[in-house]
Each structure stands twice: as C-alpha cells, then as structure tokens.
Amino acid sequence: MGREDEDLGEKLSAPPDFDGPTANRRCTDVLCTILLWCMWICMTGLGIFCIQNGDYRLILYPLDYDGNVCGTNYGGKNMTEFPYLYYVNDFSGGVCVKECPTLENLTDAHTLVTYGGLFQTEGSFITSEVISIADYSGNDTLQCTEALCYPGNDPERSFTSFGVNQGKGYAYYAMDTYEVLWRCLFTEEARTELETMVNPNGNNNISMIELTNSTYLKQGYNFWSNLYGDLFLTRYYILGLGFGATIVIGFTYAFLMRIPGVLNIMVWTSIFATIGIFFAAGWYAGDTAKTWESYDSPKYTEDEVRYATIASYVLYAVGGLLVLLFLFMRKRIQLAMGCVKETSKAVLAMPTIILFPVFQGIGFMCFMIAWAVYVAYLASMGEFTTTEYGVGGYKISVRIPQFNYILLKAAYPLRQTNALLDMNSSLQVRWFEFSDFIYQSGWFFLFCFFWTGQFILALGEIIFAMCFAKWYFSREKSRVGSLTVISSISASMWYHSGTAAFGSLIIAIIKMIRA
C-alpha cells in the first residue's frame, strides 16, 4: 500500500490565535552561556597579563646572532638605529643593519658581512655606508682574516672557507636585498650573480646559499604581496561586482523566483542539460573512437582507441545513473524548489537580512584582533636559549692570538700557534624556549578561538532560522519586515545564546582533540 493511502489521522491545523513562533520564551542552556562568558573573562585577564609581561617586538622584530632585537633596546646592545637583520648563515643568524642594502652590481663577492662587521679584500667596491652594521666590537666573536674567510683572495675558495662555510659560518657576501618584515632577503638576481662568482665550474654545493629562514620568509612575502597587489588592483571590481552587483543580482534572482514558472524552467533545464551533457559527451567519445579506428593509416594507437571507447561507455553509464537518480529524487527536488520560492519571498520581505553576515564578520574580526594581540604578547614571553649545530672540521694554518673562539657565544679555547689547527667546532643559534605555562596558555587561547568562532556561526544560524520562521508562520505577511530581523537578533541573543554556546562547545572540543 502506498504512503498516500495510509491513514495518518486528522490533518494538523494551527489554532486561530497562532501567529508564528511563541513570544513567551525562556533562556535555554544558561550554564553554557555562563561558561562562555567565563572563558571570555579569563581570556581577557590572561591577555592583559601577557601584555604586561611580554613585548610583541620580540616576535615581530628580528633577532640577531647575539640575542639583540633589531630596532629595539632589548638585549645587551641598543639597536634602535638598526632595525633590519642581514642574514649571515642559514641557521637564521645575522647582524642588525641600518638599512637593507641595495647594490647596483647585485653582488660584491669581495665584501663579507660578518659577526664583527664588514670584511673587505682587494676588489671590493662598496663602502661601509652602503651596509651600515651595528657595533659588535665588544663581542668575543671570531673575526675574519684572509686565511679564515678569503684565502688567496679567491671568491671560489672563500665560499668553502671556514668563515663562510657555504652559508653555515659567521660571514657571508654583500648582496642586493629587499626588505620583508624588517628582514633583508637576497634577490634572485643577486644569488644568480653570486653563483657565477663563487661557483663558476659548478663544483661547490651552491644550494647552501639559499638561506633556510629567508626562503620561508620570501615565499610568504611573495604570496601576500601578490595577494594584496591583486586585491589593490581589482579593488573597484571587488567592491562593485563582488559586493554591489551580487546584492542586485541576489534581489533580482529572488524577485524572479516569485514569477510562476521561472523557477521550474531554471531547475528542470539545469537538470536535463546536465544529463544531456553526459550523453552528448558519451556519443562524441564513441564517435571519435570509431573515426580513429576507420583511418586507413592509423594515426592513433589501439590503446588510445580503446580508451576513447571505454570513456564513451563510462559517460553513458553516468548519464543513466543521473536519470535514475532524477526519477527517485523528483519529489525531493520539487520540495526543494518550494523551499527556494518561499525563501525568495522571505528575503524580499526582510531585505536587511542580507546584511547580517556582514555584521557577523565584523564581530568575528573584532574578536580576532584582540585574540591576535594576546597571542603575540604570549609568544613573546619565552626565554632565550641556544641550540648547537656542528659546522664540521677544518684544518688551516694561521697565526691567531689567544682568545675565546666564539660563534654565537659558543666558547672554544684556542692558543696562539703557527701550527696546523684542527678546528672542529659548533655553531649556536638563539631561539625562544617556552615554559609549560606558556604552552598551556597557548592551548587555552586556541580553545577560545575555536569556541568563539563556532559560537558566532551557530548564533547566526539560530537568528536566520527565527527570521524565516516568523515570516513563514505569520498570518499577516505585510507586518513582517526589517524590524523582524532586529527582533529576531535580540531574541536569539538574549534567550538562545546558551543553545549556540552548547553546540559550539561540542564542536570546539572535537577540534581541540583533532588539533
């Protein structure tokens, strides 16, 4: 017996005084609302604590090899006049400079930027004004000499010298750069020019020139510069077509949906056209296979003909499946079309509902700004620590006075000698080490981000549902308008924010488990 013949009892009907969703509401899931507010209060308090005890400049501004933050007075030296970092090795070690150097000749292979300042040999052409380095003279760091950094005044030998060490030492060449977040990154042209100087025969591992840290910065800079460059160039099209035109088209579409027959024509035409495309493509693939097979002098292999034939059968099969799916889903399609019709009527009756997602996005952006500030200050509360990297063994003959042989504060005692020195050493790089408190606070901020983001989305869905429910069940549709949207927003936020908080809490917990 069909479903239409079943005895479903008396048809339900609304009472005469029914006029939409109830006006007598009560607050739902109050506990979750309280928990959400407690989370925001705790996040704010923790954020204020981070602001008082952290310094965002430690995160944004670059750190030199000696633990000084370029552009600030944080560390052992005042670097306020030297805000940029020039990389010296691919461990992200570098020195603070006044400006990122711009070289017309791209590269001066006879000038090295070292932990102790500029080191120049015969053939250099730039001056100290081109690359103004902070004063590191008080540091106990190994200085460049001809034997250590530039043996025989030969650029190729200097690249594999102890000081340069193929980008893993304490000195590197003066090159043309561009600035990204106060960091001086080498240009592609400068690297290419340097390769011809220090590796003319392709003997050295020139890939070491690609500094690891600068590679990530450069990739990020290229992405964001291209993105914002495109956005700036197309700003009028985005605002005009992406915002204004979409609203006009949306309202026009909603108006057309009310015209009898328009929606049916659009939906059924789209469905039949989609099915027809698969059958047409199947016929074309089969006809093409027959044409290829009929050539007297075959231009295509048997495999190509067989693949075209198989593609034809597959396309026919997909088209047939779509026909069956359409036959089984035709009532659902008609129901969806009815929902679209009613939705278009509701949107035209409540036009301000179009702007609600904009306010929703503004609210999320306000939260994100505060959240990002708190997280930046939290990350700056770490402690400096050092990591050692082996730089390999070097044997050189050089006279060196007795001092502490230091690479990034790593002492290695050497005595004055003219003998052959076995210089097995390590390079130390400073970085942030975070305490358990900072790690736990970071997880808490991540949870705040998940819960708040999902709460804003959930609350928006409740508001939309209430708006359309009030319109649909209202007997006097003329009384429904923009004020209905405002009343739905206030009612949802006052009475049902707890329900949104409860649902978003579940999603946030799942996201934390997956994080």
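Visitor: What should I know about the ground rules?

Guide: This is a predicted model, where local features need pLDDT of at least 70 and side-chain atom pairs count only at pLDDT 80 or more, while totals for chains, interfaces and linings use all residues. Residues are numbered from 1 along each chain as its sequence is written, and side-chain values use heavy atoms, with hydrogens and water left out.

Visitor: Why is Phe326 called buried?

Guide: Buried means under 20% relative accessible area, exposed means over 50%, and partly exposed lies in between (1.4 Å probe, protein chains only). Phe326 has a relative accessible area of 17%, so it is buried.

Visitor: And why is Leu325 called partly exposed?

Guide: Leu325 has 49% relative accessibility, so it counts as partly exposed. This residue sits in helix 9, residues 302-349. Helices here are DSSP runs of H or I with at least four residues, strands are runs of E with at least two, and both are numbered from the N terminus.

Visitor: How is Ala311 classed, and where is it?

Guide: Ala311 also belongs to helix 9. With 31% relative accessibility, Ala311 is partly exposed. Its C-alpha atom is separated by 9.0 Å from that of Ala281, 30 residues apart along the chain.

Visitor: What makes a nonpolar surface patch, and which residues make the one with Leu325?

Guide: Patches are made of residues with over 30% relative accessible area and no salt bridge; nonpolar side chains (Val, Leu, Ile, Met, Phe, Trp, Tyr) are joined within 5 Å, like charges within 9 Å. A salt bridge would be a side-chain nitrogen of Lys or Arg within 4 Å of a carboxyl oxygen of Asp or Glu. Leu321, Leu324, Leu325, Leu327, Phe328 and Met329 make this patch of about 640 Å², with areas from the Shrake-Rupley method and a 1.4 Å probe.

Visitor: Why is the pair of Tyr172 and Tyr173 called edge-to-face?

Guide: Rings of Phe, Tyr and Trp (its six-membered ring) pair if their centres lie within 6.5 Å; planes under 30 degrees apart count as stacked, over 60 as edge-to-face and the rest as tilted. By this rule there are 25 aromatic pairs. Tyr172 and Tyr173 lie 5.4 Å apart, centre to centre, with 65 degrees between the planes, and the pair is edge-to-face. Both Tyr172 and Tyr173 are buried.

Visitor: How do you know that Trp268 and Phe326 form a pair?

Guide: Their ring centres are 5.6 Å apart and the planes make 85 degrees, giving another edge-to-face pair. The pair links distant parts of the chain, with Trp268 in helix 8 (residues 262-294) and Phe326 in helix 9, 58 residues apart. Elsewhere, Phe364, Phe367, Trp371, Phe449 and Phe450 form one aromatic cluster.

Visitor: How do you know that strand 1 and strand 7 pair?

Guide: Two strands pair if DSSP finds at least two bridges between them. Strand 1 (residues 84-87) and strand 7 (residues 183-186) have two bridges, and the pairing is parallel. Strand 6 and strand 7, in turn, run antiparallel and are joined by four bridges, and Glu179 stands opposite Cys184.

Visitor: What makes strand 2 and strand 6 edge strands?

Guide: The open sheet has four strands in the order 2-1-7-6, with mixed pairing. Strand 2 (94-97) and strand 6 (177-180) each have a single partner strand, so one side of each is left without a neighbour in the sheet. In the hairpin of strand 6 and strand 7, which has two residues between the strands, Leu181 takes a positive phi near 55 degrees.

Visitor: What is the order of the sheet with three strands, and which are its edges?

Guide: That open sheet has the order 4-3-5, with antiparallel pairing. Strand 4 (117-120) and strand 5 (171-175) are at the edges, each pairing on one side only. Strand 3 (residues 107-114) pairs with strand 4 over four bridges, and with strand 5 over five bridges. Leu112 stands opposite Phe119 in strand 4, while Asp108 stands opposite Ala174 in strand 5.

Visitor: What makes strand 3 mostly covered?

Guide: Eight of the eight residues in strand 3 are buried. A hairpin of two residues joins strand 3 to strand 4.
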